[in-house]
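Have the viewer ready, try each task yourself, and then compare your steps with the worked solution.

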Amino acid sequence: MRIRHVALHTLDLPLVAPFTTSFSTQTHRRVLVLELHADVDGVEVVGWGECGALTEPVYSEEYLAGVIDVTTSYLLPMLFAAQERAPLTAETVAHHLERIVGHRMAKAAVEMAVLDAQLRAARVSFADHLGVTRDRVPSGVSVGIQDSIPQLLDTVQGYLDEGYVRIKLKIKPGWDLDPVRAVREAHPDVPLQVDANAAYTLVDANHLAKLDAFDLLLIEQPLAEDDLRQHAELATRMRTPMCLDESVVSATAAADAIALGAAQVINIKPSRVGGYLEARRIHDLACAHGIAVWCGGMLETGIGRAANAALAGLPGFTLPGDISASDRFYAEDITEPFVIEDGHIAIPREPGLARVPDPDRLAAATASSFQVEA
Ligand SMILES: O=C(O)CCC(=O)N[C@@H](C(=O)O)c1ccccc1
């Protein structure tokens with residue numbers, strides 16, 4: 001492949017409702033979309049990538065402006081130089097970029113666009129590329145922190161009415177036992193899990209252990225990203241399976257977490273781990289250790305949502321992921337929307353790994369855009 005040029009589109013998408021976690025309340029999603037124009041064996045092809053980084057560095061250390069800078073100042077120039085030496089493939093992108101430390105979300109978006117272009121040129125779907133045989137995946141939904149417990153119960157009921165098969169509740173100190181108890185009492189049999197986004201410390205261990213009363217699938221990232229040993233200690237203090245999100249930034253980190261007993265379950269987010277190829281490696285590693293994985297979400301548009309749905313079709317994804325319908329977050333997606341059908345999201349089988357954005361919807365959502373020439 002030879003990259004010709006790449007457009008960087010910063011989209012501003014209003015959310016259908018405020019989304020509150022232990023670290024932020026979002027009413028809009030500003031997201032970077034890459035439009036990569038390449039020549040693959042004489043065929044002009046466009047690959048799409050989407051970056052999971054938030055506007056501010058409050059989920060991880062990456063943030064939108066930083067991603068744009070590192071992508072234009074380092075990542076793309078390095079790929080343009082590499083392709084002068086040898087044909088570029090998605091499988092070699094990480095190698096070409098490894099001199100740059102970290103910046104996994106930025107790297108993931110670039111690799112995603114190259115992989116999409118490569119698969120589109122080969123007329124292969126990402127699902128077929130992965131060897132996925134399933135045609136749909138169960139759809140879980142992430143429920144933000146609400147203003148009151150009655151409002152939470154109404155929100156949860158609404159999602160259950162839409163067919164979601166698993167509920168994830170955001171928690172934080174002061175909003176944990178009571179809301180979880182209320183949802184469990186209202187829905188004794190619903191698959192239920194919680195996500196703290198690193199809001200607690202080991203001092204809270206006895207308090208968090210009270211969540212064991214609610215038969216949760218897992219507790220996600222109760223402690224800080226770099227607290228692997230402390231998550232392992234907390235796991236000995238609770239029956240609820242320990243799940244990591246922010247801590248698992250690579251297959252190496254996943255191996256450390258598993259070896260330390262810090263994770264019985266892993267939330268795989270391709271953006272967080274540096275791309276879909278590393279995500280696949282983490283899936284394979286976890287499977288080899290009997291660790292369940294599920295696919296997390298970063299409020300992706302249909303571009304990333306399509307790729308996540310295919311990834312989640314792999315056999316080790318045994319728990320429902322945060323792969324909701326497009327209208328969970330957006331009144332109008334920039335792509336053909338994903339809809340929930342009988343509690344599931346269909347895995348795309350079109351060539352490529354992204355769902356192609358509608359040009360008019362993309363333009364309408366674009367706050368700023370510029371192009372980088374090879
Ligand atoms: O369904 C989705 O895409 C969102 C799932 C979700 O809750 N993501 C959380 C998370 O910490 O996992 C999140 C992502 C981005 C920003 C804030 C929170």
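This is a predicted model: local features need pLDDT of at least 70, side-chain atom pairs count only at pLDDT 80 or more; totals for chains, interfaces and linings use all residues.

Residues are numbered from 1 along each chain as its sequence is written, and side-chain values use heavy atoms, with hydrogens and water left out.

**Exercise 1. Find where T10 lies, decide whether it is buried or exposed, and list its contacts.**

Step 1: Locate T10 in strand β1, residues 2-20. Helices (H or I, at least four residues) and strands (E, at least two) are DSSP runs, numbered from the N terminus.

Step 2: Check the accessibility. T10 counts as buried because its relative accessibility is 4%. Buried means under 20% relative accessible area, exposed means over 50%, and partly exposed lies in between (1.4 Å probe, protein chains only).

Step 3: Look for contacts, meaning heavy atoms within 4.5 Å. Leaving aside neighbours within four places in sequence, T10 is in contact with R30, V31, L32, L64, I68, A365, T366, A367 and S368.

**Exercise 2. Now take L64 and describe its place and its surroundings.**

Step 1: L64 belongs to helix α1, residues 64-85.

Step 2: With a relative accessible area of 7%, L64 is buried.

Step 3: Setting aside neighbours within four places in sequence, the contacts of L64 are T10, R30, V31, L32, A53, L54 and T55.

Step 4: L64 and C51 are 13 residues apart along the chain, and their C-alpha atoms are separated by 8.5 Å.

**Exercise 3. Which residues of helix α6 are buried, and which elements do they pack against?**

Step 1: Select α6, residues 177-186, and pick out L177, P179, V180, A182, V183 and R184, which are buried.

Step 2: Recall a rule about helices. An α-helix has 3.6 residues a turn, so residues three or four places apart point the same way.

Step 3: Find the partners. The buried residues of α6 pack against α5 (149-162), β6 (166-170), β7 (192-195) and α7 (205-209).

Step 4: Move on to H187, in the loop between α6 and β7. H187 counts as buried at 13% relative accessibility, and it touches V156, Q157 and L160, not counting residues up to four places away in sequence.

**Exercise 4. Describe the site of the ligand.**

Step 1: Find the neighbours. The ligand is surrounded by 20 residues, the closest being S142, K170, N197, K269 and L299; a residue is near a molecule if one of its heavy atoms lies within 4 Å of it.

Step 2: For S142 the distance is 2.6 Å. For K168 it is 3.4 Å. For K269 it is 2.7 Å.

Step 3: Consider the surface. Taken alone the ligand exposes 440 Å², and the protein buries 100% of that; such areas come from the Shrake-Rupley method with a 1.4 Å probe.

Step 4: Name the site. The ligand sits in the largest cavity. On a 1 Å grid over the protein atoms alone, a cavity is a set of points where a 1.4 Å probe fits but cannot get out. A molecule sits in a cavity if more than half of its atoms lie within 2 Å of its grid points.

**Exercise 5. Which side chain makes a polar contact with that of S326?**

Step 1: Locate S326 in the loop between α12 and β12 (344-346). S326 counts as buried because its relative accessibility is 3%.

Step 2: Not counting residues up to four places away in sequence, S326 touches R305, D333, P337 and F338.

Step 3: The side chains of S326 and D333 are joined by a polar contact of 2.7 Å. A polar contact is a pair of N or O atoms within 3.5 Å; within protein, one must be able to donate a hydrogen and the other to accept it, and residues adjacent in sequence count only if both atoms are side-chain atoms.

Methods. On a 1 Å grid over the protein atoms alone, a cavity is a set of points where a 1.4 Å probe fits but cannot get out, and a pocket is an open set with protein on both sides within 12 Å along at least five of seven lines; lining residues have an atom within 4 Å of a point.
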